[in-house]
Each structure stands twice: as C-alpha cells, then as structure tokens.
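Reader: Please pick one part of this model and go through it closely, then connect it to other parts of the chain. I would like each cut-off stated where a term comes up.

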Amino acid sequence: MTAETTGEATDERLRRWRLVLGGQGGDGTGCALSGQDAAMDRTLEALYGAGGGTGPGGAAAATARGGSPGSGPRAAGLGGSAPQVARWLGDIRRYFPTSVVQVMQRDAIDRLGLSALLLEPEMLEAVEADVHLVGTLLSLNKAMPETTKTTARAVVRKVVDDLEKQLATRTRATLTGALDRTARTSRPRHRDIDWDRTIRANLKNYLPAHRTVVPERLIGYGRAAHGVKKDVILCIDQSGSMAASVVYASVFGAVLASMRSLATRLVVFDTAVVDLTEELDDPVDVLFGTQLGGGTDINRALAYCQSQISRPADTVVVLISDLYEGGIRDEMLGRVAAMKASGVQFVALLALSDEGAPAYDREHAAALAALGAPAFACTPDLFPDVMAAAIEKRQLPIPDKEL
C-alpha cells in the first residue's frame with residue numbers, strides 16, 4: 001500500500017469519525033467538512049446535537065421545557081415549523097438510505113417531540129412511511145384535523161399495501177397446506193399420501209428379507225372441501241405499546257379473511273372491546289377503527305371472544321398482548337383454561353412485530369404457560385407457521401423457549 005493510499009484511507013476514517021462525533025471543531029479529528037458532507041452534518045446536528053433531546057427547536061422546544069417561545073439557548077433542533085421539518089425530511093432522504101431514514105424519523109419523533117407536526121399534510125407528504133410511522137399516526141387519529149386525514153390515509157394505505165404484497169402469498173400457501181392436512185383420508189391418491197405417517201402406521205408389516213414395509217393402510221392428505229374449516233379470532237391489545245403489532249395483525253386479519261376455508265373475526269380492546277370484523281375487507285379501515293392508548297382489560301376481551309365461539313374444536317384464538325392486565329387476573333386465566341379444555345387452540349403472542357421480545361408481564365406469561373399456552377413474541381415472517389401449527393393442532397414453533 002502506497003503512502004498516498006494510506007493517507008486517503010486515514011482521511012476517510014477521519015471524515016467518518018467527524019460525521020459520527022459532530023461537535024463542530026471540538027471533536028478532536030481536525031477534519032473540516034464541506035459540500036455534501038457539511039450538509040449531512042447539519043441534518044445530523046439538527047437531530048442529535050446538543051439541544052436535540054429536549055424537544056424541537058424554537059417555539060416547540062420552549063413549550064416542551066415549560067418555558068415560552070424564545071426562552072433559553074438552542075444549540076440544535078428543527079424548529080417549530082412544519083415546512084422546515086419537511087425540508088429536513090427531504091434532506092435525510094437525499095443523503096441516507098431508506099433504512100437509516102426510518103430510524104432518524106423515529107428518533108426525531110421521540111427526541112424532538114414532532115408528533116404534533118405530523119398533523120400537517122405537507123409534512124406527511126415528506127416522510128418515509130413505515131410501520132412505526134403508521135403506529136404514530138394511529139395514536140394521533142382523534143386529534144387529526146379533517147384536512148390531514150386524507151393524506152394520513154394515503155400514507156397508511158401505502159404501508160398496508162406493501163405489507164400485504166410481502167405477506168399475503170406465503171400466508172395463504174402455508175395455511176392452505178395446513179387446512180388440507182387436517183382433512184386426513186385412508187384412501188388417498190398417490191400424490192396425497194403422507195408417507196411419514198403411512199410408514200409409521202405400517203411398521204408392523206416390515207419385511208426384513210426385503211428391507212421394506214408393506215403399506216397395508218395408506219394415510220394421506222385429503223384435499224379440503226369448499227366451505228369453512230376453521231374459525232380464527234384475532235384478539236388485539238390496542239394499548240400504545242402495541243402499535244406495530246396492531247398494524248401487522250390488521251394486515252394478517254385481512255389476508256385470513258380472504259380465505260374461504262377460514263372464518264376470521266378481528267377484535268381490538270383496551271378497557272372496552274370493539275369488533276372490527278365487518279371492516280376486514282380493508283385493513284386501512286380496521287386501523288383507523290382502532291384507538292391506540294388507554295388501559296387494558298384482557299379479561300373483558302376474552303369474555304367477548306369466548307361468547308363468539310360456536311365450534312371449539314375447530315377454533316383458533318390468537319391473543320396479541322403484552323399481558324399487562326388491568327382487569328380481573330384470575331378470571332382472565334380461568335377463561336383461557338376453559339377455552340383450552342373445550343378444544344380451542346389458544347395462542348398468546350407478546351408482540352407481532354419485527355422487534356425482539358418486548359416488555360411484558362412475566363407473571364402472567366408464566367401462568368399462561370402453566371395452562372399449556374406459552375406466550376412468546378412473533379415476527380411477521382413466523383406468523384404463518386404459528387397459525388399453521390395451531391390449525392393442525394401440533395406444537396407451536398416458539399422462537400424463544402424461555403418464554
């Protein structure tokens with residue numbers, strides 16, 4: 001490596017450290033930024049600079065600190081103006097990849113208190129839409145002026161449509177296979193023979209001399225006939241911490257509702273219970289029918305779900321909740337025990353999101369596990385397999401055995 005090449009590598013490292021550290025000339029790198037690098041630095045400084053954690057700059061920052069507009073110094077921030085924030089959002093989209101943009105948007109909402117500015121149509125048009133942004137918009141639904149709702153619905157629909165494209169095909173294929181396999185037959189066509197079960201059922205007919213099994217009885221997958229084979233009830237906690245789970249569950253609910261072999265019901269709850277089954281043909285309507293935030297009464301929600309069960313042996317109930325119960329704990333557990341005793345397949349998901357295991361009530365999770373209903377976090381890509389296992393009444397693919 002030549003001295004010139006070594007020098008270029010050193011300069012590049014200093015440049016990267018300068019962008020990471022910020023701090024103008026006091027970061028110790030001795031590296032000056034210009035052109036696009038300086039513009040990138042300004043966008044980072046506005047969010048992560050010295051004043052970035054106390055609320056947006058200007059009037060918004062002063063209000064967040066309990067002061068008046070103009071009180072106190074401002075070292076960083078985006079200002080209280082939606083046009084200025086929209087320009088900043090445009091800048092980060094220009095300089096950073098989409099995955100980084102989405103992280104910076106979430107940090108801006110959390111660190112600078114920009115939720116109120118999401119009520120401005122021009123800002124919504126500038127954001128990079130993702131599941132977390134949808135969750136924030138849903139939490140602001142009641143405060144959203146009519147002039148903003150049309151733009152907000154367009155943002156939500158884009159995210160929902162993208163999710164449906166990603167999730168629908170595999171979900172339908174996985175669950176269709178599970179439904180087919182639940183219809184066993186003793187006279188299967190050759191392509192429908194379940195060889196694993198057939199061999200195990202005929203091991204007594206093993207012929208050592210020929211090293212083979214004579215299949216006296218064939219076991220196969222019967223093709224599911226038309227008509228409803230299973231009932232599915234999605235029971236979704238709509239407390240504020242479950243925002244991403246609500247988004248994914250609504251999309252999956254719409255996909256399940258499109259399958260003729262499943263009768264799908266979607267129920268959301270906080271301290272009240274709302275049945276959104278009639279809205280399942282459009283997950284955007286489902287999402288805007290939710291109200292994120294408030295308390296939690298799992299017992300009341302399960303009581304309603306229990307009242308909707310007419311075929312226990314053919315019903316799957318999926319509770320999506322962090323299990324922080326504000327209702328009657330013993331009754332909640334009693335309902336789960338009663339449903340399982342009647343033949344219902346009960347699934348408890350602590351989250352349905354891309355993140356890892358969330359904060360949850362460990363005592364309630366342990367109590368459900370003792371009833372034979374282990375509670376675990378589930379990513380969207382695993383959800384079809386979880387549902388298939390529940391439909392086939394086999395062991396659930398739990399990603400973390402500790403839960």
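**Charged pairs and the helices around them**

Author: Asp-231 is buried, with a relative accessible area of 13%. Buried means under 20% relative accessible area, exposed over 50%, and partly exposed in between, for a 1.4 Å probe with protein chains only. The model is predicted, so local features need pLDDT of at least 70 and side-chain atom pairs count only at pLDDT 80 or more, while totals for chains, interfaces and linings use all residues. Residues are numbered from 1 along each chain as its sequence is written, and side-chain values use heavy atoms, with hydrogens and water left out.

The side chain of Asp-231 meets that of Arg-311 in a salt bridge, at 3.2 Å from N to O. A salt bridge here is a side-chain nitrogen of Lys or Arg within 4 Å of a carboxyl oxygen of Asp or Glu. This pair links distant parts of the chain, 80 residues apart: Asp-231 is in strand E5, and Arg-311 is in the loop between H12 and E8. Helices (H or I, at least four residues) and strands (E, at least two) are DSSP runs, numbered from the N terminus. Arg-311 counts as partly exposed, at 28% relative accessibility. Salt bridges that share partners join Lys-230, Asp-231, Arg-311 and Asp-314 into one network.

Lys-230 counts as buried at 7% relative accessibility, whereas Asp-314 is partly exposed at 27%.

The count of salt bridges comes to 14. One of them joins Asp-385 and Arg-170, with N to O at 2.7 Å. Asp-385 lies in helix H15 and Arg-170 in helix H8 (residues 146-182), so the pair ties together parts that are 215 residues apart in sequence. Asp-385 is partly exposed at 27%, and Arg-170 is partly exposed at 36%.

Nine of the 10 residues of helix H15 (residues 383-392) are buried, so H15 is largely enclosed by the rest of the structure. Among the buried residues of H15 are Phe-383, Val-386, Met-387 and Glu-392. Just after H15, Lys-393 takes a positive phi of about 60 degrees. Most residues other than glycine have a negative phi. Lys-393 counts as partly exposed, at 44% relative accessibility.

The axes of helix H12 (residues 298-307) and H13 come within 8 Å and cross at roughly 30 degrees. That makes H12 roughly parallel to H13. Axes are lines fitted to C-alpha atoms, for helices over the stretch in contact, and angles run from 0 to 180 degrees between N-to-C directions. Angles under 35 degrees count as roughly parallel, over 145 as roughly antiparallel, 65 to 115 as roughly perpendicular and the rest as oblique.

Between strand E8 (315-320) and H13, the loop holds Leu-323. Leu-323 is not a glycine, and its phi is positive, near 70 degrees. Leu-323 counts as buried, at 1% relative accessibility.
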